[in-house]
Amino acid sequence: MLKTAYIVCGSPGAGKTFYGKELAKLKQATFLDIDTATERLVRLALELSGQDPNDRDSPYFKGHFRNPIYEQLFDIAQDNLLWNDVVIAGPFTKEIKDPDWANKLSTRLGVPVQVHYVFCLPSIRQARIRDRKNPRDLAKLVSWEDYLRYYESEPPPACEHIFIDNTLDKEIKK
């Protein structure tokens, strides 16, 4: 039976991890979160290169780490897709601008891909980000208006997707 890769994307604080875990439970799928899969190595590499280990937004980070992180996530997913459906959670802000991204990813992974775009109101995202107390979020909170301009200028995915309003952390339905 052909497996499926479910991509859960959206802004930080929108509830991608919450929604992705619920979707994985519903689908009895492997759950891969971008932070869990790569965070320790990214922090170490940033420290060893003399950079801020909490940085995820600078041109240095995006130029040196962003693509390898996503590729590593897809490699792990591809290994798991031999036996299980996989739910992959991450922002994917650049990728979702490509109208054909889901098809390209489907070709790369060799399985159907379904994109779920998780949305949440900015005020609730801010509260969630503040409440999770992650050092990587400090820059977002200090420059909240800049953060909003960056993410709010992002339209929903240009590729085919399922829109998820996660404002209330609603349970997903079958």
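## Basis of the model

A residue is called buried when its relative accessible area is under 20%, exposed when it is over 50%, and partly exposed in between, with a 1.4 Å probe and protein chains only. The structure is a predicted model: local features need pLDDT of at least 70, side-chain atom pairs count only at pLDDT 80 or more, and totals for chains, interfaces and linings use all residues. Residues are numbered from 1 along each chain as its sequence is written, and side-chain values use heavy atoms, with hydrogens and water left out.

## Overall fold

The protein chain has 7 helices and 5 strands. These are DSSP runs numbered from the N terminus, with helices being H or I of at least four residues and strands E of at least two. Read from the N terminus, the order of elements is β-α-β-α-α-β-α-β-α-α-α-β.

The radius of gyration of the protein chain is 16 Å, which agrees with the value near 16 Å that a compact globule of 174 residues would have. That radius is taken over C-alpha atoms, and the globule rule is 2.2 Å times the number of residues to the power 0.38. Along the principal axes, the C-alpha atoms of the protein chain fill a box of roughly 45 × 35 × 30 Å. Of the 174 residues, 45% count as buried. The accessible surface of the protein chain is about 9600 Å², and 56% of this belongs to carbon and sulfur atoms; areas come from the Shrake-Rupley method with a 1.4 Å probe, and for residues only the protein chains shown count as cover. Contact means heavy atoms within 4.5 Å. Among contacts between residues at least 6 apart in sequence, 74% join residues at least 24 apart.

## Helix α4

Helix α4 spans residues 101–109, and its buried residues are Trp101, Ala102, Leu105 and Leu109. Seen down the axis of α4, these buried residues fall within an arc of 95°, so they line one face of the helix. The arc is that of the directions from the helix axis to the C-beta atoms.

The cover over the buried residues of α4 includes β1 (5–10), α3 (59–80) and β4 (113–119). Just after α4, Gly110 takes a positive phi of about 80°.

## Salt bridges

The whole structure contains 7 salt bridges, each defined as a side-chain nitrogen of Lys or Arg within 4 Å of a carboxyl oxygen of Asp or Glu. One of them joins Glu22 and Lys25, with the closest N and O atoms 3.5 Å apart. Both residues lie in helix α1 (residues 16–27), 3 residues apart, about one turn of the helix. Glu22 counts as buried at 15% relative accessibility, whereas Lys25 counts as exposed at 58%. An α-helix has 3.6 residues a turn, so residues three or four places apart point the same way. Glu39 and Arg43 form another salt bridge, with the closest N and O atoms 3.8 Å apart. This pair is 4 residues apart in helix α2, a separation of about one helical turn. Glu39 is buried, with a relative accessible area of 17%, and Arg43 is partly exposed at 27% relative accessibility.

Arg66 and Glu95 meet through their side chains in a salt bridge of 2.7 Å, N to O. Arg66 lies in helix α3 and Glu95 in the loop between β3 (86–89) and α4, so the pair ties together parts that are 29 residues apart in sequence. Arg66 counts as buried at 10% relative accessibility, and Glu95 counts as buried at 13%. Elsewhere, salt bridges that share partners join Glu39, Arg43 and Arg56 into one network.

Leu41, Leu44 and Leu48 make a nonpolar surface patch of about 360 Å². Patches are made of residues with over 30% relative accessible area and no salt bridge; like charges are joined within 9 Å, and nonpolar side chains (Val, Leu, Ile, Met, Phe, Trp, Tyr) within 5 Å. Leu41 is found in helix α2 (residues 34–48) and counts as exposed, at 65% relative accessibility.

## Phe31 in β2

Phe31 lies in strand β2 (residues 30–33). Its relative accessible area of 22% makes Phe31 partly exposed. Leaving aside neighbours within four places in sequence, Phe31 is in contact with Thr17, Gly20, Lys21, Ala24, Val87 and Ala89. Phe31 and Gly13 are 18 residues apart along the chain, and their C-alpha atoms are separated by 18 Å.
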